[in-house]
Amino acid sequence: MSQIAINTSQNVEINFTIATLGERILAFLVDRLIQIAYLVSVFYILFEVVNVRPIFGTWDSWSKGAFLIIVTFPVYVYTLVCESLMEGQTFGKKLLKIKVVKIDGYQAGFGDYLVRWVFRLVDIYITFLIGLITVIVSKNNQRFGDMASGTAVISLKNNINISHTILENLGQDYVPLFPQVILLTDNDMRIIKENYVKAMKNNDRQIISRLTSKIKEIIKVETDPTKITEKQFVGRVIKDYNYFTGREQ
């Protein structure tokens with residue numbers, strides 16, 4: 001499977017598995033089934049339950065067109081709305097466990113999802129074959145919309161659940177040192193611990209140093225290097241985060 005190295009906000013690289021073409025197509029088909037189910041349900045309710053046929057028949061072509069656009073509008077914006085609200089996923093992507101991410105390590109925003117959505121007209125609805133070929137031959141399996149927005153679609157299947165990566169054993173008498181760790185998010189902590197474990201295993205002082213600098217910058221704390229080492233600092237931050245967020249084994 002292809003992989004992509006993303007430089008995270010902690011300034012370290014993490015390898016993610018690129019979603020396969022098959023996964024993306026299946027996610028698209030699931031989303032399309034959801035859209036079709038919506039249209040069938042809405043038109044059934046309007047024309048069979050509410051019975052708008054008598055009124056609909058009296059409208060001119062412009063009014064009918066406007067009515068159809070309004071009714072079908074959720075289908076047009078389905079992908080844009082879902083990816084914006086579900087942090088890079090639609091229901092199809094969630095089912096297939098794939099997600100849109102920025103390749104520069106930052107969280108994708110509405111502007112990125114909007115660019116991807118606009119390019120769907122080219123990649124999928126107008127020149128589907130070209131979009132298909134682009135995904136196959138591009139370095140990170142990107143369609144034009146991905147290239148324009150600086151995003152890629154990754155697989156989450158091999159990722160360890162956040163709750164498994166950030167948990168720590170804390171004794172009953174544990175006393176935290178850094179209450180500022182609550183400024184970090186679960187995702188921040190997942191990345192910190194993954195790289196901390198990797199650095200400890202490989203004795204990589206450079207990664208530890210980068211993590212230390214970035215953590216201090218975020219939580220705005222200074223430590224006395226004569227009392228606590230960088231390794232101890234990062235390890236203590238991980239434990240303090242577990243303490244203050246009340247995570248249990």
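The buried residues of helix H1 are Glu-23, Arg-24, Ala-27, Asp-31, Gln-35, Val-42, Leu-46 and Phe-47, where buried denotes under 20% relative accessible area, exposed over 50%, and partly exposed the range in between, computed with a 1.4 Å probe and protein chains only. The model is a predicted one, in which local features need pLDDT of at least 70 and side-chain atom pairs count only at pLDDT 80 or more, whereas totals for chains, interfaces and linings use all residues. Residues are numbered from 1 along each chain as its sequence is written, and side-chain values use heavy atoms, with hydrogens and water left out.

Helix H1 comprises 29 residues (21-49) and reaches 41 Å from its first C-alpha to its last, close to the 42 Å expected at 1.5 Å a residue; the expected span is 1.5 Å times one less than the number of residues in the helix. Helices here are DSSP runs (H or I, at least four residues), numbered from the N terminus. Just after H1, Asn-51 takes a positive phi of about 60° although Asn-51 is not a glycine. Asn-51 belongs to the loop between H1 and helix H2 (53-58) and, at 39% relative accessibility, is partly exposed. A positive phi, near 55°, is also found at Glu-87, likewise a residue other than glycine. Glu-87 is placed in the loop between H3 and helix H4 (91-96), and its relative accessible area of 48% makes it partly exposed.

A search of the whole structure finds 9 salt bridges, each defined by a side-chain nitrogen of Lys or Arg within 4 Å of a carboxyl oxygen of Asp or Glu. Side chains of opposite charge can pair when their charged atoms come close. One of these bridges joins the side chains of Glu-48 and Arg-53, with an N to O distance of 2.7 Å; Glu-48 is partly exposed at 45% relative accessibility, and Arg-53 is partly exposed at 44%. Glu-83 forms a salt bridge with Arg-116, the closest N and O atoms being 2.9 Å apart. Because Glu-83 lies in helix H3 (residues 61-85) and Arg-116 in helix H5 (residues 110-126), this pair ties together parts that are 33 residues apart in sequence. Both Glu-83 and Arg-116 are buried, and both belong to a network of salt bridges that also links Arg-24, Lys-93 and Asp-146.

The patch is formed by Phe-110, Leu-114, Val-118, Phe-119, Leu-121, Val-122, Ile-130, Phe-144 and Met-147, with about 740 Å² of accessible area together. The elements that give two or more residues to this patch are H5 and helix H7 (144-149). Such patches are made of residues with over 30% relative accessible area and no salt bridge, nonpolar side chains (Val, Leu, Ile, Met, Phe, Trp, Tyr) being joined within 5 Å and like charges within 9 Å; the accessible areas come from the Shrake-Rupley method with a 1.4 Å probe, and for residues only the protein chains shown count as cover. Leu-114, found in helix H5, is partly exposed, with a relative accessible area of 32%.

In helix H11, the end C-alpha atoms are 21 Å apart, which agrees with the 21 Å that its 15 residues should span at 1.5 Å a residue. The residues of H11 that are buried are Phe-233, Val-234, Gly-235, Val-237, Ile-238, Asp-240, Tyr-241 and Asn-242, and what covers them includes helix H9 (186-202) and H10. A further salt bridge connects the side chains of Arg-236 and Asp-240 at 3.6 Å, N to O; the two residues both lie in H11 (residues 230-244), 4 residues apart, about one turn of the helix. Arg-236 is partly exposed, with a relative accessible area of 22%, whereas Asp-240 is buried, with a value of 0%.

Thr-212 is situated in helix H10 (residues 205-219) and is buried, with a relative accessible area of 2%. Not counting residues up to four places away in sequence, Thr-212 touches Glu-230, Phe-233 and Val-234, contact being defined by heavy atoms within 4.5 Å. The side chain of Thr-212 also reaches the backbone oxygen of Ile-208 at 2.8 Å, a polar contact being a pair of N or O atoms within 3.5 Å, of which, within protein, one must be able to donate a hydrogen and the other to accept it, while residues adjacent in sequence count only if both atoms are side-chain atoms.
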